[in-house]
Amino acid sequence: MQRILQNLCRASCHFLIICIAIVLLPRARGGQEEVDVKNSWLSTICNGTQFAFPFILGKTYELLLGPAVLEDSNLLLREELELRSTWNMLDASSKGSPYVTPEDERRKRLDAKACGKLALEINSRVDVRQKVRWQKVSDCKICRSDVEEWIQKNAREAQILRHLASYAALHTSYSVDLICFSLDEIAHRKFVMNREANLSLTAGNMHESVHPGGESSTCSANAWQLCMESSGQERMQQQETKGGNYQDDVYLGKKTLLSDLSIYYKKVAHQFAKIMGGDALTEHRHVLEEMLEHGESPKVVHTFLLQNFPGLVNNTAQARERAMQYVQEVFQKVLLRDADPDALEVYSELLVQGAHERELEFILKRSEEFRLLCMAGNAVTCDEAIQTVAFQYHNVLERPPDPKGLSRYAREVVMGYLTADSIRSDLENSPEFQAGPGMLRRVSMIARNISEQHEHCLKTCCPPSSSSSASTSLRKSCSKKCRHLKGLSGDSCSLQSKDLIIWVESVLWGKHPLVDFFRTNLGSLKKYRISTSLVVEKFIEVLGRYPDTPAMLNLIPKVASGEMNITHLVKTLESSEERTQKWLVSRQPKRLGELINKAEMLAELLLENGIELGDMSPCFITSEDETEDKKVTMNVASTKTFCRKVGEVLESLQTTWNSKSPVLGKKTAPESEPLSPIAILLQEDDKELWKMVESLSNVAGIQNSMLVVFSLANFSRDSLNKIKGIDFARTRILFLPTRPDLIQLDASVAEKLHWSWLQEMMFRNIEETKSWTGDVVTIFGVKALTSDFLRILEAARAFQMNFCPLCWSIAMDSTCEESQSSDEEDNLICVNKGKLGRTIAFNSSMYDSISKEKFELIPTSWNFSLYYLMQTDKLSSLSIGPAVPRAHDISCLKGIQDYLELHLQYFKLGFHKSRFDANALWMEETKEEPGQQLAKNSLFLPGLGFVSLT
């Protein structure tokens, strides 16, 4: 038996050697094996008789990797040089080789056999992974049959789409299916644009424009398309003329492609995280996004999710319920209807198992229902219906349509049941319109009607001076129909913004009828203003936000008439679902952890500066680490009940620090006359704070500032260290006290209360600034200041005192109302009307005027509240400031050093001198008298916004 096996092995080895010899014999004879170019991919390249070398190289690469590979000129040039070197070497070593260089390459080209040989050698050099990836991407399908048919008939658009597919395959790492969905979306957009423009492009095959021919001396591997016959060149030129510049279209297509892919992979990650784990898993979404961004397919990511997050992922009914929401959205978007129960069950299960939203869209767009609904020759297509609905939503409700509203209206438009006019009428009757844009239009109508009635009174009761005598009947008519003239501000025959605002509010909140408006007694408006303040105050206390317009329209009249007392109002708000949700959110573990961390940092800061914790001492455990620094840990398990109330503990620590904290930074007082204090309000912890600190250090005279105050609402250890490290100025740190109930405030409310609290601290409580008689600068957010910031501020203040005593503030980040073209623009001080910045300076008397108007209870942001006070003459409408802003948002700057270099122009004014020369500045002359009407064509009403009078 053993001998038989040995004989079989010998026979097999002999047979294998013979086969290898048969295969290698042609190569040993000088490479004269036959190359079949007729029945293989080589026929696409070598389908003629003679070919130029660069054409073969470029065409082969284009076929194997797509047209985007031709953009890499270095790659093709390197391959051309290497191949030519191989060609010459073969020429020297082997006679009769198909690679023999002709004596005159200008006249003779490679034949079909040599072309095939060269193409095969090029193929062996191409990265196999890139070839496979390109092949998969090039096989991407278009989900809509009408779009697919249009692309097949349009050679130019097909070539652009092919170019984008090649670019995505070679130069991005996204998975193939995400690329396919993006290409499908781009094709659909092109189809819609073409249909809307009603373009008729010449149909043809996208390969017909490539032909061998032309002089080889003008060809290169980087531009192999030049090796075409003149007819092919003319054809391409005709397409360029009809469709625009090909390269520009490809460039725009790449931007769209990358944008879509960025959106798609984030949406897929969010969908997987939301469906499989709910809110808990969305915190880990960045892991899924990174995987998708680096080329993992959604299926792989879904598998990773199941394997690595077993504690968070759940395939229960909750996951299917969340998946059903996605299915409904896709059905509403594609088929313009809600999903039927069976489809909802099937497709939601697919999502749970790893499918994603784009896959569902693809399936639905290939369905018969979609074809009949959106591609069966209806008078209005689905795309047109969606655009019609979106336009009406934008025009009437001033927002994009929600998915359910879009699907309902669009489907009825496609079926012919609704028109644009009927949609507009329906939206105008909706509660949303009546409480939002409709309310603004109603108020605008009220304002216009009141203005018209007032103008009629002026014509009747304010005759020209030449006819001063008025009849008794005329005076009686005026006293009856225009009794309001006696109560006007100033001249009874003029109208100011203040009066118009009062009248509009009396109609809006007091519900006075417009008919014979000026015959009614407007004295009752005071109780409506008091009621407004009460409603706003209780909304802030209970819900942490301002009341919306429907709530104000409903509650203010009830409170003013006595139908609802304050106790009833508070109980109504406290029993609301919104209050319950905010209470639960404020007590989530993550939120409480952040507050405990703040309390520990603040306790460390107090102890570090020698301030005892007082009653809060039992709430903390102090230890020393290896560096002998005190480390404080909050003892939430303390026997003291109040230690478990994190909000009250944190508020107590903040109050203690604000009242006992020392001056940090530069300890000595200013050597010369002190300059204005600077208060910096930081609502959120900002990573760019170091840039602001650096710009502050470069401000001329900052060492002579009375004080630089940092007021923090949210902070980190890194931010505290940056502020504590300031040594160029006297500094203080303030902490905005936290609400004990931990209810989070809306952004506009939180910012306004912080701003108002900071002004109170600067003008009433801080020892160094409460006796300061000059201006205090308040900077909202992280800003970069120019080196001449304080000098320009002092010069502007001098101008304010001498030339514009009615100007109530100095806005350091605003500009002139009209752009200046003078060379002295940097030296220009402007007087503006009704303009506010976020870096403003004013004195204590102006703060008194602001605070006595119950500033915190005006239901809008802090800067628009100031604007409202200007409109109602509680503040002057005039402000002063430099023509060129001296404070800029750091987010807009690439680098702080570049920014400071940019402002070296300011040194031409002589900032190196010890004192600033105010005479170097000049002021724009105002042509209008102070106190003129602030808003000629619009009014601003808190809770509503700007109301047009035209």
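This is a predicted model: local features need pLDDT of at least 70, side-chain atom pairs count only at pLDDT 80 or more; totals for chains, interfaces and linings use all residues.

Visitor: Which ring does Phe 842 pair up with?

Guide: That would be Trp 808. The ring centres of Trp 808 and Phe 842 are 5.6 Å apart and the planes are at 40°, so the pair is tilted. Trp 808 comes from the loop between α34 and β9, while Phe 842 belongs to strand β11 (residues 839-842), 34 residues apart, so this pair links distant parts of the chain.

Visitor: And Trp 808, buried or exposed?

Guide: Buried. The relative accessible area of Trp 808 is 3%, and the cut-off for buried is under 20%.

Visitor: How many aromatic pairs does the structure hold?

Guide: There are 14 aromatic pairs in the structure. One of them is Trp 755 with Phe 855, a tilted pair at 5.4 Å centre to centre and 40° between the planes. Trp 755 is in helix α33 (residues 747-765) and Phe 855 is in the loop between α35 (844-851) and α36 (862-871), 100 residues apart, and the pair links these distant parts of the chain.

Visitor: What about burial for Trp 755 and Phe 855?

Guide: Both Trp 755 and Phe 855 are buried.

Visitor: Which residues form the aromatic cluster?

Guide: One cluster takes in Trp 755, Phe 763, Phe 780, Trp 808, Phe 842, Tyr 847, Phe 855 and Trp 862.

Visitor: OK, charges over rings. Which charged end sits over Phe 855?

Guide: Lys 752 does that, with its charged end 4.9 Å from the centre of the Phe 855 ring. Elsewhere, the charged end of Arg 408 sits over the ring of Tyr 409, 4.2 Å from the ring centre.

Visitor: What does Ser 809 touch?

Guide: Leaving out residues up to four places away in sequence, Ser 809 touches Gln 800, Ala 841, Phe 842, Leu 878, Ser 879 and Ile 880. So Phe 842 turns up again, this time as a contact of Ser 809.

Visitor: How many residues of β10 are buried?

Guide: Five of the six residues in β10 are buried, which leaves the strand mostly covered.

Visitor: Switching topic: how many disulfides are there?

Guide: The count comes to three disulfides. Cys 140 and Cys 180 form one, with the sulfur atoms 1.8 Å apart. Their link is left-handed, with -65° about the S-S bond. Cys 140 is in the loop between α5 (128-138) and α6 (145-153), and Cys 180 is in helix α8 (residues 176-197), 40 residues apart.

Visitor: Are Cys 140 and Cys 180 buried or exposed?

Guide: Buried, both Cys 140 and Cys 180. Cys 143 is buried as well, with a relative accessible area of 3%.

Visitor: Next disulfide. What's the handedness of Cys 619 with Cys 643?

Guide: The torsion about their S-S bond is about -80°, so the disulfide of Cys 619 and Cys 643 is left-handed. Cys 619 lies in the loop between α29 (589-608) and β1 (620-624), and Cys 643 lies in the loop between β2 (630-634) and α30 (646-660), so the pair ties together parts 24 residues apart in sequence. The sulfur atoms of Cys 619 and Cys 643 are 2.0 Å apart. Relative accessible area is 0% for Cys 619 and 0% for Cys 643.

Visitor: And what does Cys 804 join to?

Guide: Cys 804 is joined to Cys 807 by a disulfide, S to S 1.9 Å. That link is right-handed, with 70° about the S-S bond. Cys 804 is buried at 6% relative accessible area, and Cys 807 is buried at 2%.

How values were computed. Residues are numbered from 1 along each chain as its sequence is written. Side-chain values use heavy atoms; hydrogens and water are left out. Buried means under 20% relative accessible area, exposed over 50%, partly exposed in between (1.4 Å probe, protein chains only). Helices (H or I, at least four residues) and strands (E, at least two) are DSSP runs, numbered from the N terminus. Contact means heavy atoms within 4.5 Å. Rings of Phe, Tyr and Trp (its six-membered ring) pair if their centres lie within 6.5 Å; planes under 30 degrees apart count as stacked, over 60 as edge-to-face and the rest as tilted. A charge sits over a ring if NZ of Lys or CZ of Arg is within 6 Å of the ring centre and within 35 degrees of the ring normal. A disulfide is a pair of cysteine sulfur atoms within 2.5 Å.
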